[in-house]
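Me: Let's go through this one together, one question at a time. Here it is.
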There are 2 protein chains.
Amino acid sequence: MGLIVKKFGGTSVGTTERIQAVAEKLKASRDAGDDVVVVVSAMSGETNRLLSLAESVNSNPPPREVDVLLSTGEQVTIALLTMALEQIGCAARCYTGAQVSILTDSTFSKARIQDIDAESIREDLGAGRVVVVAGFQGVDENGAITTLGRGGSDTTAVALAAALEADECQIYTDVDGVYTSDPRVVPNARRLDKITVDEMLELSSLGSKVLQIRAVEFAGKYRVPLRVLSSFEEGPGTLITYEEEGMEEPLISGIAFNREEAKVSVIGVPDTPGIAAKILGPVADASIEVDMIIQNISQQGLTDFTFTVHKRDFQNTLDLVRSNAEVLGARDVYGDDNIVKISVVGVGMRSHAGVANTMFQTLSDEGINIQMISTSEIKISVVVEEKYLELGVRALHKAFELNKEPVAEQES
Amino acid sequence: MGLIVKKFGGTSVGTTERIQAVAEKLKASRDAGDDVVVVVSAMSGETNRLLSLAESVNSNPPPREVDVLLSTGEQVTIALLTMALEQIGCAARCYTGAQVSILTDSTFSKARIQDIDAESIREDLGAGRVVVVAGFQGVDENGAITTLGRGGSDTTAVALAAALEADECQIYTDVDGVYTSDPRVVPNARRLDKITVDEMLELSSLGSKVLQIRAVEFAGKYRVPLRVLSSFEEGPGTLITYEEEGMEEPLISGIAFNREEAKVSVIGVPDTPGIAAKILGPVADASIEVDMIIQNISQQGLTDFTFTVHKRDFQNTLDLVRSNAEVLGARDVYGDDNIVKISVVGVGMRSHAGVANTMFQTLSDEGINIQMISTSEIKISVVVEEKYLELGVRALHKAFELNKEPVAEQES
């Protein structure tokens, strides 16, 4: 067959029994003729256990040491999975991020992969071994252990698939594919057989947490065929594709939402060149990721500026911007973490008018007030009060008829 | 002051509270002007927890992966201790064995240190940092993680002290020094202020488990001043010295015992040149350490050969020797793990006759039958039935008057 990189998350390796089940799955794949590289996370609960140990000795543990601590989680899993493989007669070898070596920058706890030396992996595959790699972790140029942040194991898997030019990167999760929306919110949400990487990117970044956004970015950049499938059930999952010309696209692929964001508004700042950079500079310097950014039209030389960040960075961001308010000449700084972002995503909307209109009308019909709007080529996002999450998402799922199989997909 | 390498074992760092107490101790030492390098073990219980995880996925886990797994134990401790130091305003940095780097051979689970690159440690000390190093672990020339075997953290500490030319290597344990015998067996055993490295080596190898034998070997080889002291009580502990000329030695330093050994006897083998190598070759090839070796005089061209190994290697050794018995031409192979080795140790016995006689007479007076005898310049060991451990050790402690302060030591 081919070279497959598989990734199993914390729930899939949460007990030694589950690790043994993963080993059986891997052996079946190798016995079917595949070359198999597998990336694993820490056993579920382990990362939190380690973090609580850290907090009991330091109220604000230094990030360099947090990474030394957390990276032990995956190291335990790779050792156990390799032992389980050897036990059932499947030759295997395991590597930490530093050993592979997955070279990253030095942004502890949020490091970015810069290079992978896949040589030793190729040698092991050539010798018929399954190669087990610790996800989520790497090493910087000084030899310090780094981590990629939560969910970083997906990124490790895709980066390895790219470096090895794998035939497919398979992400095993606790869901059996990508859905038109979150089935917990929309009971008749439908599994998609295929989705374009652009749509997936929007869905992922907007809070349909099947995959980590950086993993999808990587996959898109290196054109790694990516498949999301279930650790616990058989099934084809959802294949993430690169747009094929001439293929008829469904109008809309899905409705995503994200309740993990908070918004910060800077009111009445002078509308001078570079004001956005002045506001967001200190935020970026603190390695805080900004999502939506909106600047209203200027009135009497003053403008209002609103952006969203992850809720965990909310207080920190608010403090930073407030301490900067006088220098900026801002009249006021507001924050609100009682919001949800709802997004309509689909590559088809590029060639169809009226999507935005349908979206705004549907929300209006339900009496939901829109606080922010942001658009891209293939998505429209709105921020509304958090309590409207379920109502808004269900109404939009119905309005765009996502419960029905689209004609284009049936033909493919 | 000077450069001190301190080592804290698993019990001393068994909880986050104890890790914080160790941090305070280290800060006090640094505040007093010392350059401090600290070596730590896994939190007590952690190694066993990890081993039982391993056994649940593989009945005979491969050693390479066992080392990947076990090395996470110390990695957790170094991260937590460094965090605890930073919390109390004491700059610190931590390193795994691979990071330092502690280069070893590739004998997984029993690796031996070959070289240490102490450069980064010197840089950190120069910058005023306490340097926290994971004990027990290293890295081989292929980048694979190795461990030194149980108790290897002592060896790490001494090897670092040698590489850094430290002024003292301080081993913190749950006892407050080296005693004339085990206080649990001999209630009036006495703490020694000083002991020579040769005596310590014999006491350590004979089962007074204050220090790991390889650590003491290393210390002797590189003349590292070694001090054993308590993690939990104040006190000077016991300094391990290199023999000073002209110093009057006490006759006997202590009575050691070891109930962790088992004996294997090969009966009636042809007394030909090379027979010992033929018997012990396969045992050495299996990386099993042999302690006592005795060959009786030849009778009618046949000889009997007896040796002892650690109890954990007993069955394996017996199987090896038995499978080899036919090739050896041996009449029979016996094993017995119901034994204890009792040893009288002291550099003074070199210049005093009669120590052996006193020892054998004392045991005889108690009705204890001696199964094996082995002697060196500074010790006499006997193997007796295990049930005589307490009786034999107490009788010898009394016979050599070890409860009394010796004249020579009082003057020093």
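Me: Which residues point the other way from Val130(B), Val132(B) and Ala134(B) in β6(B)?
Reply: First, the ground rules: this is a predicted model, where local features need pLDDT of at least 70, side-chain atom pairs count only at pLDDT 80 or more, and totals for chains, interfaces and linings use all residues. Residues are numbered from 1 along each chain as its sequence is written, chains are lettered from A and ligands numbered from 1 in the order in which they are written, and side-chain values use heavy atoms, leaving out hydrogens and water. Strand β6 of chain B (residues 130–134) has 5 of its 5 residues buried, buried being under 20% relative accessible area, exposed over 50% and partly exposed in between, with a 1.4 Å probe and protein chains only. With Val130(B), Val132(B) and Ala134(B) on one side, the residues pointing the other way are Val131(B) and Val133(B).

Me: Which residue stands opposite Val132(B) in β6(B)?
Reply: Helices (H or I, at least four residues) and strands (E, at least two) are DSSP runs numbered from the N terminus, and two strands pair if DSSP finds at least two bridges between them. β6(B) runs parallel to β2(B) (residues 35–40) through 4 bridges, with Val39(B) opposite Val133(B). Strand β3(B) (residues 92–95) is also parallel to β6(B), with 4 bridges, and there the residue opposite Val132(B) is Cys94(B).

Me: Over in chain A, which residue is the bridge partner of Gln170(A) in β13(A)?
Reply: Gln170(A) sits on one side of β9(A) with Glu168(A) and Tyr172(A), while Cys169(A), Ile171(A) and Thr173(A) take the other, and all are buried. 5 bridges tie β1(A) (residues 3–8) to β9(A) in parallel, Lys7(A) being the partner of Ile171(A). Another 5 bridges join β9(A) in parallel to β13(A) (residues 226–230), where Gln170(A) is partnered by Arg227(A).

Me: Why is strand β9 of chain A largely enclosed by the rest of the structure?
Reply: Both of its faces are covered. The strand covers residues 168–173 and counts as largely enclosed because the number of its residues that are buried is 6 of the 6.

Me: What is the largest C-alpha distance between the "binding site" residues?
Reply: UniProt, in an unreviewed entry, puts that feature at Thr47(A) and Glu74(A); its positions follow the numbering used here, its feature names are shortened, and annotations may be inferred rather than shown by experiment. Thr47(A) lies in α2(A) (residues 46–57) and counts as buried because its relative accessibility is 18%. Glu74(A), in α3(A) (residues 63–87), contacts Ser41(A) and Phe136(A), among others.

Definitions and conventions:
Contact means heavy atoms within 4.5 Å. Lists of a residue's contacts leave out its neighbours within four places in sequence.
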